[in-house]
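Dear colleague,

Please read the notes with the model open beside you.

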Amino acid sequence: MAARQPFTDTDTADEAVRATCDDATTCKRFATSKGYWKDPYIQYFARSVGERKAPEINRGYYARVQGVNHLLDAFIRKAECDCQVINLGAGLDTTFWRLKDENLMPRKFFEVDFPTVVARKIHNIKTKPPLSKPLIETHSTDSLLLDAHSLDSDRYCIIGADLRDISNLDEKLKKFQLNPELPTLLLSECVMVYMTPSQSSNLVHWAAETFHTAMFISYEQVNMSDRFGQVMIENLQRRQCTLAGVEACRSLDSQKERFLKTGWEHADALDMMTVYSMLPQDDVSRIEHLEFLDERELLQQLLQHYSICWATKDKLNLGKAQFTATFTCKPCLAELFGTSLFVFVGCASVIGNVNTLGVIQPAVAHGLALGVLIMVLGQISCLGVHSKTTEMDLFKVVLKVIFNMSEFTVDLDRISGGHFNPMVSLSAYLCGGMQLRLLVPYVLAQMLGGMAGAGLAKVIYPSQVYTSSLGGAFAVDSTDLGSTTVAEMILTLILTTVVCMGAVNSQTCSPLAGFYIGLTVTANILAGGAVSGACMNPVRAFGPAVAANHWNHHWVYWVGPTCGALLAVTFIRYAELRAQREFKIWGKNYIFFAIFAQRPDIFHHS
């Protein structure tokens with residue numbers, strides 16, 4: 001954010017905000033020196049690597065840089081570089097040089113910041129040939145327009161201005177050939193949080209009024225009403241750095257509302273924990289091997305208190321709202337695909353088992369199908385799924401998938417979370433493992449997948465065999481409704497407890513979660529199959545019910561699992577609340593608070 005005229009360099013509040021520029025640049029320099037991402041230009045703005053930064057800080061910056069760059073690059077590609085970018089509060093950012101190296105240069109790249117910060121950046125550019133040479137290469141005239149607080153070339157412009165003075169900002173941007181008719185991306189990283197709500201609303205409203213086709217990306221704090229957020233605020237206040245706009249950082253919804261109330265057509269937001277889980281998992285795996293992270297909980301808490309919010313206006317119908325689909329459609333398609341195959345195998349195993357007794361065959365069939373899916377999808381490297389069983393003989397595969405039938409779940413977690421079960425999705429949401437905005441799409445995708453899988457089973461089996469087995473649907477005796485419902489409740493409670501504690505809860509999650517979940521499902525089928533069928537998954541019952549038109553007491557397989565999932569979440573939440581009370585001062589959170597108190601501004605500037 002830039003300083004308006006009444007705020008001088010001696011103003012305490014603005015000086016504290018300006019100081020965050022150096023903090024962020026130093027953190028980025030250290031992270032790049034460790035190999036988190038490549039930035040050959042950051043070294044010209046930070047003289048030394050500086051003191052060691054905690055691994056969770058480095059991973060946080062990695063998620064921030066990669067998440068913002070994903071949206072920025074996608075916008076530029078969609079506009080075929082016929083656009084302009086305005087980086088508000090750019091600090092010592094190096095995005096212009098990165099875009100130049102990657103041949104993603106927009107028609108013009110603008111930066112706005114404090115005049116003192118701009119003066120420093122211009123000095124570095126003038127005295128560092130690796131920085132000045134790209135400007136010269138993209139400039140067609142003999143000389144650059146250069147003064148103490150501004151630099152203007154054909155493709156790159158730096159302006160010293162005050163974001164709180166909209167008329168002055170607008171005047172300076174137009175002076176340097178800002179084109180309101182071009183598709184425009186505006187970028188703001190931890191900037192508006194230092195402005196009052198009315199000031200930031202004026203800025204966002206100005207952007208909506210000025211550009212008819214635009215995207216606004218905002219990286220800021222979120223969930224600041226909880227205890228962790230209050231500690232962040234208090235630490236910054238000790239440094240005379242006040243978060244004047246923290247009111248808009250209460251939640252993801254409050255972040256979106258700021259845009260929707262000021263003229264933007266569409267807005268969406270994700271916390272950085274979600275963004276981190278959606279980044280290319282090959283690269284995430286690479287950076288996670290760079291440094292040992294002792295407590296993943298610290299990283300999770302940090303990422304849950306930052307977010308990326310993006311808003312769009314699309315008069316030219318460039319399809320900017322499709323950026324939401326980037327984070328939503330892919331996991332939903334994975335849910336639909338995985339659920340359809342899971343239900344297909346479940347139905348087929350029951351149909352093929354119609355003349356035999358026992359539940360071993362269905363249990364083996366479910367697990368074997370998931371194992372095969374690992375091998376098939378492992379060849380599709382873009383999904384980040386890798387098979388390690390391609391050279392196993394069939395006997396080893398059967399043993400592996402019976403006792404680890406959710407290995408496919410673990411790998412598809414890189415795409416969707418690998419739920420394939422509405423009760424797992426519900427439990428994950430209630431335990432904080434997914435966003436509400438994804439819950440309904442997930443369940444709908446799972447229901448569609450269930451119908452598709454059951455329909456496929458109906459197509460391939462002879463009608464007589466299919467009918468005699470009810471198409472793999474669950475049959476309930478009216479005299480056993482109570483015991484069947486209770487059995488489904490208990491079995492689902494066990495399953496969802498294992499899922500939440502083994503794969504969702506940051507304090508107890510384990511790399512062996514797939515084994516635990518698979519073993520739980522296998523044990524539940526063997527123990528409860530003769531009582532209720534051990535469904536534990538409403539779409540496993542819903543799909544064949546639709547295909548076979550068999551609805552007798554179908555409600556049992558929704559009510560029982562739902563009650564079980566809710567009970568599991570209740571127990572887990574109660575245990576967490578007790579743990580938080582017990583460790584409020586001396587628990588693991590205090591470790592991070594101590595780290596954060598030393599460098600409370602690490603994420604507060606670009």
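Contact here means heavy atoms within 4.5 Å. The structure is a predicted model, in which local features need pLDDT of at least 70 and side-chain atom pairs count only at pLDDT 80 or more, while totals for chains, interfaces and linings use all residues. Residues are numbered from 1 along each chain as its sequence is written, and side-chain values use heavy atoms, with hydrogens and water left out.

With that cut-off, and leaving aside neighbours within four places in sequence, R52 is in contact with F30 and E291. R52 belongs to the loop between α1 and α2, where helices (H or I, at least four residues) and strands (E, at least two) are DSSP runs numbered from the N terminus. The relative accessible area of R52 is 57%, so this residue is exposed; buried means under 20%, exposed over 50% and partly exposed in between, with a 1.4 Å probe and protein chains only. Although R52 and C27 are 25 residues apart in sequence, their C-alpha atoms are 9.0 Å apart.

Turning to the rings, a search of the whole structure finds 15 aromatic pairs. Rings of Phe, Tyr and Trp (its six-membered ring) pair if their centres lie within 6.5 Å, and planes under 30 degrees apart count as stacked, over 60 as edge-to-face and the rest as tilted. One of these pairs is F45 with W97, whose centres are 6.0 Å apart and whose planes stand at 55°, so the pair is tilted. Because F45 lies in the loop between α1 (12-33) and α2 (55-78) and W97 in helix α3 (residues 95-101), this pair ties together parts that are 52 residues apart in sequence.

F474 lies in the loop between α19 (463-468) and α20 (481-504) and Y557 in helix α23 (residues 556-582), so parts 83 residues apart in sequence are tied together; both residues are buried.

Ring pairs also link Y41, F45, F96, W97, F109 and Y156 into a cluster.

Finally, the buried residues of helix α9 (residues 252-260), among them L252, Q255 and F259, pack against α7 (197-210), β7 (213-221), β8 (266-271) and β9 (306-314).
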